[in-house]
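Please have a look at the sequence and the model first.

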Amino acid sequence: MAVRPSTIKLVPDGDGYRLDVGETVRLRATQPFASDAVVWCGIPGYDEPGRELVSEEFTVRDDPFAWELTGSCAFASRFAYASE
């Protein structure tokens with residue numbers, strides 16, 4: 001495996017978001033998941049409220065990884081990202 005720097009683009013799109021990580025990852029999740037339940041971030045230690053979405057597109061193309069998913073779960077929440 002390797003670590004490579006990539007540009008991360010997160011763009012609002014309708015009621016959801018589009019996420020691109022370089023040319024290798026593309027995610028588009030614009031439709032809310034139909035539920036009345038309150039959704040919270042599932043990562044331990046993070047108590048940020050968020051919105052559960054359904055992904056219309058989730059594609060990864062980075063050898064040896066290659067897949068496409070549709071209709072899978074996506075979660076939008078605020079976060080802090082830092083890099084040197």
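Let me begin with a definition: a residue is called buried when its relative accessible area is under 20%, exposed when that area is over 50%, and partly exposed in between, with a 1.4 Å probe and only the protein chains taken into account. What you see is a predicted model, in which local features need pLDDT of at least 70 and side-chain atom pairs count only at pLDDT 80 or more, while totals for chains, interfaces and linings use all residues. Residues are numbered from 1 along each chain as its sequence is written, and side-chain values use heavy atoms, with hydrogens and water left out.

Now to the overall picture. The protein has zero helices and six strands, in the order β-β-β-β-β-β along the sequence, where helices (H or I, at least four residues) and strands (E, at least two) are DSSP runs numbered from the N terminus. Of the 84 residues in the protein, 14% are buried. The accessible surface comes to about 6700 Å², with 55% of it belonging to carbon and sulfur atoms; such areas come from the Shrake-Rupley method with a 1.4 Å probe, and for residues only the protein chains shown count as cover.

Let us turn to strands E4 and E5. Strand E4 (residues 50-62) pairs with strand E5 (residues 65-69) in the antiparallel sense over five bridges, and two strands are said to pair if DSSP finds at least two bridges between them. E4 and E5 form a hairpin with two residues between them, and aspartate 62 has phenylalanine 65 in E5 as its bridge partner.

Aspartate 62 also takes us to the charged side chains. Which residue does aspartate 62 meet in a salt bridge? The partner is arginine 4, at 2.5 Å from N to O, a salt bridge being a side-chain nitrogen of Lys or Arg within 4 Å of a carboxyl oxygen of Asp or Glu. Because aspartate 62 lies in strand E4 and arginine 4 in the segment before strand E1 (8-13), the pair ties together parts that are 58 residues apart in sequence. Aspartate 62 is partly exposed, with a relative accessible area of 26%, and arginine 4 is partly exposed as well, at 47%.

A search of the whole structure finds six salt bridges. One of them joins arginine 61 and glutamate 68, whose closest N and O atoms are 2.4 Å apart; here arginine 61 is partly exposed at 41%, whereas glutamate 68 is exposed at 56%. Salt bridges that share partners also join Arg18, Asp20, Arg26 and Glu57 into one network.

Leaving aside residues up to four places away in sequence, aspartate 20 touches Thr7, Ile8, Lys9, Val25 and Arg26, where contact means heavy atoms within 4.5 Å.

Finally, consider threonine 30 in strand E3 (residues 25-32), which is buried at 10% relative accessibility.
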